[in-house]
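Here are a few notes to read with the model open beside you.

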Amino acid sequence: MSANQEAKKLVIDEIKQNISNAKSIVLVDYRGITVAEDTTLRKECRNNNAVYKVYKNRLFKKACDELGITGFDSYLEGTTAFAFGMEDETCAPRVIKAQSKALNKLEIKAGFLNGNVVDKAQVEKLASIPSKEQLIANLLAMLNAPVSALARAIQAIADKQN
């Protein structure tokens, strides 16, 4: 086997590992972004527990075929980057959507969630879900509201009696 084939096999293995470990995947058309913008995007992905990689479409398709995943063929054309959400299902879509608004150059092609290929609209819906930390904070605020209201009412009664 030639060195080039060995290198491609290693890349395919890396792709398969990223797919297997990812909770969600976003396919992005990155045409037109600069190196500085790409560096910023990669940093944002790292900060949000996502992995942003550019792979050849053919190698990604081969890795998907080896894993038994179908449905990406129509999206694997042109320039394609892949954002793998490693922590939860919403981290990669959220980062990509935010960066696509900031840069006005990225375009979401499709995604992969729970073993299914999803279209751009579904990826954008997924991106609109708040982060886990935000949802927990909202829940705690809702749980704390009745207790706070009771404390204010008791304090108002105490102040009125004085």
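Predicted model: local features only at pLDDT ≥ 70, side-chain atom pairs only at ≥ 80, totals over all residues.

1. Asp29 itself belongs to strand β1, residues 24-29. With a relative accessible area of 12%, Asp29 counts as buried because the cut-off is under 20%. Among the residues that Asp29 touches are Thr79, Lys105 and Glu107.

2. Next, have a look at helix α3, residues 57-67. Which of its residues are buried? They are Asn57, Leu59, Phe60, Ala63 and Cys64. Viewed down the axis of α3, these buried residues fall within an arc of 165°, so they line one face of the helix. They pack against α1 (3-21) and β3 (81-85). Just after α3 comes Gly68, with a positive phi of about 80°.

3. The aromatic rings deserve a moment too, as the structure holds 5 aromatic pairs. Phe60 and Phe82 have ring centres 4.0 Å apart and planes at 15°, so this pair is stacked. Since Phe60 sits in helix α3 and Phe82 in strand β3, the pair ties together parts 22 residues apart in sequence. Both Phe60 and Phe82 are buried.

4. Phe72 and Phe112 make a tilted pair, because their ring centres are 5.8 Å apart with planes at 45°. Phe72 is in the loop between α3 and β3, while Phe112 is in strand β4 (residues 107-113), 40 residues apart. Phe72 is buried at 3% relative accessibility, and Phe112 is buried at 11%.

5. Finally, ring pairs link Tyr55, Phe60, Phe72, Phe82, Phe84 and Phe112 into a cluster.

Terms used:
Residues numbered from 1 in each chain as written. Heavy atoms only, no water. Helix = DSSP H or I, 4+ residues; strand = E, 2+ residues; numbered from the N terminus. Buried < 20%, exposed > 50% of the residue type's maximum accessible area, 1.4 Å probe, protein only. Contact = heavy atoms within 4.5 Å. Arc of directions from axis to C-beta. Phe/Tyr/Trp six-rings, centres within 6.5 Å; stacked < 30°, edge-to-face > 60°. Lists of a residue's contacts leave out its neighbours within four places in sequence.
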